[in-house]
Amino acid sequence: FDSASHARVYAQFRPTYPSSISETIKSVLRRTRVHSDSSQWTGVDVACGSGQSTQVLQKVNLKKIYALDISEEQVKQAREAFSKSPENSSVEFLVSSAESMPQDSSSVDLVACGQALHWFDLEKFYPEVDRVLRPGGCFAAFGYGNLEMKDPLVENVIQKFYNDTLKGCWSIQRQHVEQLYHTLPMPYKTIERFDVVVDHEMSTSSLIGYLKSWSAYQTYCKKNPDNHALEDLQEKLTALATEEPFKLSFPFFLLVSTKPS
């Protein structure tokens, strides 16, 4: 996710998280924190990317959010987008890896990451989570699995692109996304899970933009710089688009793990 073009595509076409994720994180924190007022809490958004996951934390109404990402381009995109509104003054974007956060020990109430946990070295990341979290603080991991097209003919086209065209380009970590993080361990014994399927609509161009944001497609382009895979796919979708926008759904999930008090 290091290139400027990929960062822009990611920011423009990735789905927006449902408000229920923010509401659930806030609800869990109110049960575990000494102060039930969220305006007293501090949070860290790890691997913030272009800022979609940061928006989830903003809706928790935190006093301060540190948004971290290892990619300078992603942080640059996020800073530019968030600088346009004074409402974002509580957010500070920093270039940092997940496994070495700049926060002081026992200094934050929430550590969260959206659609990113599967990329981390958990043996190094979870000790960092434990270091920066206050007792009773929460770690939240949220994301979404593969989209599902309502039209079976369109779904078949997307599946062939996912499984056949991009074969060998998906990282081994992708399996965790496909399985909605059921296969990933959490840092603490106390774990709460929440799932919701959200219906969505996309035009052909938006759907192509979303597919372009996939890491596997970026890898495919590096291996095949002169490919026309998305152009060919767009022709197939256009031929099937008897009704636009396309109807589809995303399975969103949230895992919250609480540090003992």
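**Cavity and aromatic rings**

Modeller: This is a predicted model, and the structure holds one cavity of 30 Å³ or more.

Biologist: How much space lies in the largest cavity?
Modeller: The largest cavity holds about 110 Å³ of space.

Biologist: And which residues lie nearest its centre?
Modeller: Arg14, His118, Trp119, Arg174 and Ser215 lie nearest the centre of the largest cavity, and they belong to a lining of eleven residues.

Biologist: What does the lining have by class?
Modeller: The lining of the largest cavity has five nonpolar residues, four polar ones and two charged ones.

Biologist: Let us change topic. How many aromatic pairs does a search of the whole structure find?
Modeller: The search finds 19 aromatic pairs. One of them is formed by phenylalanine 82 and phenylalanine 93, in an edge-to-face arrangement with 5.0 Å from centre to centre and 75° between the planes.

Biologist: Where in the chain are phenylalanine 82 and phenylalanine 93?
Modeller: Phenylalanine 82 belongs to helix α4 (residues 72–82) and phenylalanine 93 to strand β3 (residues 91–95). The two are eleven residues apart, and their pair links distant parts of the chain.

Biologist: Are phenylalanine 82 and phenylalanine 93 buried or exposed?
Modeller: Both phenylalanine 82 and phenylalanine 93 are buried.

Biologist: Why does phenylalanine 125 count as buried?
Modeller: Phenylalanine 125 counts as buried because its relative accessibility is 0%, and buried means under 20%. Phenylalanine 139 likewise counts as buried, at 0% relative accessibility.

Biologist: Which residues form one aromatic cluster?
Modeller: Tyr17, Phe142, Tyr144, Phe161, Tyr162, Trp170, Tyr210, Trp214, Tyr217, Phe250 and Phe252 form one aromatic cluster.

Biologist: One more residue, please. Where is tryptophan 41 found?
Modeller: Tryptophan 41 is in the loop between α2 (19–32) and β1 (42–46).

Biologist: And why does tryptophan 41 count as buried?
Modeller: Tryptophan 41 counts as buried because its relative accessibility is 1%, and the cut-off for buried is under 20%.

Biologist: How far apart are tryptophan 41 and serine 85?
Modeller: Tryptophan 41 and serine 85 are separated by 44 residues in sequence and by 21 Å in space, taken from C-alpha to C-alpha.

Terms used: Residues numbered from 1 in each chain as written. Predicted model: local features only at pLDDT ≥ 70, side-chain atom pairs only at ≥ 80, totals over all residues. Heavy atoms only, no water. Phe/Tyr/Trp six-rings, centres within 6.5 Å; stacked < 30°, edge-to-face > 60°. Helix = DSSP H or I, 4+ residues; strand = E, 2+ residues; numbered from the N terminus. Buried < 20%, exposed > 50% of the residue type's maximum accessible area, 1.4 Å probe, protein only. 1 Å grid on protein atoms, 1.4 Å probe; cavity = no way out; pocket = protein on both sides within 12 Å on 5 of 7 lines; lining within 4 Å. Points joined across faces, edges and corners; volume = space filled by probe spheres on them. Nonpolar A, V, L, I, M, F, W, Y, C, P; charged D, E, K, R; others polar.
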